[in-house]
Amino acid sequence: MSRKLVVLTAGLSQPSSTRLLADQLAAAVTAAVGGRGENLEVEVIELRELASDLATTMTTGLPTPAVATAREKVTDADGLIAVSPVFTASYSGLFKMFVDILDTESLSGMPVLIAATAGTARHSLVLDHAMRPLFGYLRAVVVPTGVFAATEDFGSTGLTERIHRAASELAQLIVAEPVAVQGFLQDEPVRHRTSGNRVGAVRPFSELLAGHAGDGR
C-alpha cells in the first residue's frame with residue numbers, strides 16, 4: 001500500500017538550510033515507512049514558489065490555481081512535514097500565509113512533524129512556543145519530537161538522532177489506521193478533511209428572498 005507525505009518548506013534562499021533539513025526528514029520518514037512494509041510517495045511544496053499566489057489569495061479571498069492545487073495535496077496527504085526558518089523568534093510570514101489559507105478542517109487528525117532552522121540555538125523554543133500551538137489549533141496530531149537545527153547542528157550526531165527519532169514517530173502514525181490516529185483527539189468522531197476548494201451549492205437569490213416579499217410565503 002502506498003501512503004502520501006507532503007513536505008512544506010518555507011526557505012527563502014536557494015539552496016537553503018530549511019530545504020536541506022526538509023529533505024533529510026523526508027528521507028528518514030521514507031525509510032521508516034519502508035521498514036514497516038509500505039511505500040511512501042513524497043511531494044515537496046516550496047512555499048517560496050507560491051509567494052505571489054499566496055499574496056493574491058490573501059488579498060482577493062480567491063485561491064489561485066497553484067494555491068488550490070497545494071491545498072488539495074495537503075488535505076489528501078497521510079502525513080505532513082512542516083519546516084520553517086525562524087524570523088523574529090517565530091515561523092516566517094510566508095509559512096504563516098500558507099497556513100492561513102488552509103481550510104480549518106484540512107489538517108484534522110493529520111500526523112505532522114514540525115521542524116525549524118535558525119542561525120543560533122537561542123531560537124529552538126520556536127517549536128513548542130509557536131509551531132506546536134499553531135498545528136494544535138488546526139487539530140493536527142503533532143509527533144512528540146520536533147526537530148530544530150541551528151547552523152552548527154548540520155552534520156552533527158545529535159541532529160541525525162533527532163531526525164530519525166521524529167521520523168520514526170511520524171512513520172508510525174502514517175501507517176496507522178486513520179481512526180486510530182484520530183483517537184488522540186479526545187474520543188471525538190472522525191472528521192473528514194476539507195481543502196476549502198469545493199464550494200457547496202448556492203441557493204438562488206429568489207429563494208433567499210422568499211418570505212420577505214410581503215406575499216406571505
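**Notes on the predicted model**

1. The chain has an accessible surface of about 11,100 Å², and 55% of that belongs to carbon and sulfur atoms. The model is a predicted one. It holds 8 helices and 7 strands. Of its 217 residues, 45% count as buried. Among contacts between residues at least 6 apart in sequence, 80% join residues at least 24 apart.

2. Helix α4 covers residues 93-100, and its buried residues are Leu94, Phe95, Phe98 and Val99. Viewed down the axis of α4, these fall within an arc of 140°, so they line one face of the helix.

3. How many aromatic pairs does a search of the whole structure find? The search gives 2. In one of them, Tyr91 and Phe95 are tilted, with 5.9 Å centre to centre and 40° between the planes. In the pair of Phe95 and Phe135, the ring centres are 6.2 Å apart and the planes stand at 65°, so this pair is edge-to-face. Phe95 belongs to helix α4 and Phe135 to helix α5, so the pair ties together parts that are 40 residues apart in sequence. Tyr91, Phe95 and Phe135 make up one aromatic cluster.

4. The largest nonpolar core has 38 residues, of which Leu47, Phe95, Phe98, Leu107 and Phe135 touch the most other members. At least two residues of this core come from each of β1, α3, β3, α4, β5 (111-118), α5 and β7 (147-150). Helix α5 supplies the largest share, 6 residues. Apart from this core lies another, of 28 residues, with Leu5, Val143, Ile163 and Val175 among them.

5. Phe135 deserves a separate entry. Leaving aside residues up to four places away in sequence, Phe135 touches Leu80, Ala82, Phe95, Leu107, Val112, Ile114, Ala140 and Val142.

6. Strand β5 is mostly covered, with 8 of its 8 residues buried. In a regular strand the side chains alternate between the two faces of the sheet. Both faces of β5 are covered: Pro111, Leu113, Ala115 and Thr117 are buried on one side, and Val112, Ile114, Ala116 and Ala118 are buried on the other.

7. Which strands does β5 pair with? β3 and β5 are parallel and share 6 bridges, with Pro85 opposite Thr117 of β5. β5 also runs parallel to β6 (residues 141-142), through 2 bridges; Val141 in β6 is the bridge partner of Pro111. A further parallel pairing, over 4 bridges, is that of β5 and β7, where Ala118 stands opposite Ala150.

8. Thr9 is a residue of strand β1. Its relative accessibility is 0%, so Thr9 counts as buried. Not counting residues up to four places away in sequence, Thr9 touches Thr18, Arg19, Ala22, Val44, Ile45, Glu46, Leu47 and Val83.

9. Most residues other than glycine have a negative phi, and most peptide bonds are trans. Gln14 and Pro15 are joined by a cis peptide bond, with omega about 0°; Pro15 sits in the loop between β1 and α1 (17-34).

10. For Thr88, phi is near 50°; for Ala89, phi is about 65°. Thr88 counts as exposed at 79% relative accessibility, and Ala89 is exposed with a relative accessible area of 52%.

How values were computed: Residues are numbered from 1 along each chain as its sequence is written. This is a predicted model: local features need pLDDT of at least 70, side-chain atom pairs count only at pLDDT 80 or more; totals for chains, interfaces and linings use all residues. Side-chain values use heavy atoms; hydrogens and water are left out. Buried means under 20% relative accessible area, exposed over 50%, partly exposed in between (1.4 Å probe, protein chains only). The arc is that of the directions from the helix axis to the C-beta atoms. Contact means heavy atoms within 4.5 Å. Accessible areas come from the Shrake-Rupley method with a 1.4 Å probe; for residues, only the protein chains shown count as cover. Rings of Phe, Tyr and Trp (its six-membered ring) pair if their centres lie within 6.5 Å; planes under 30 degrees apart count as stacked, over 60 as edge-to-face and the rest as tilted. A nonpolar core is a set of buried Ala, Val, Leu, Ile, Met, Phe, Trp, Tyr and Cys residues joined through side-chain atoms within 4.5 Å. Two strands pair if DSSP finds at least two bridges between them.
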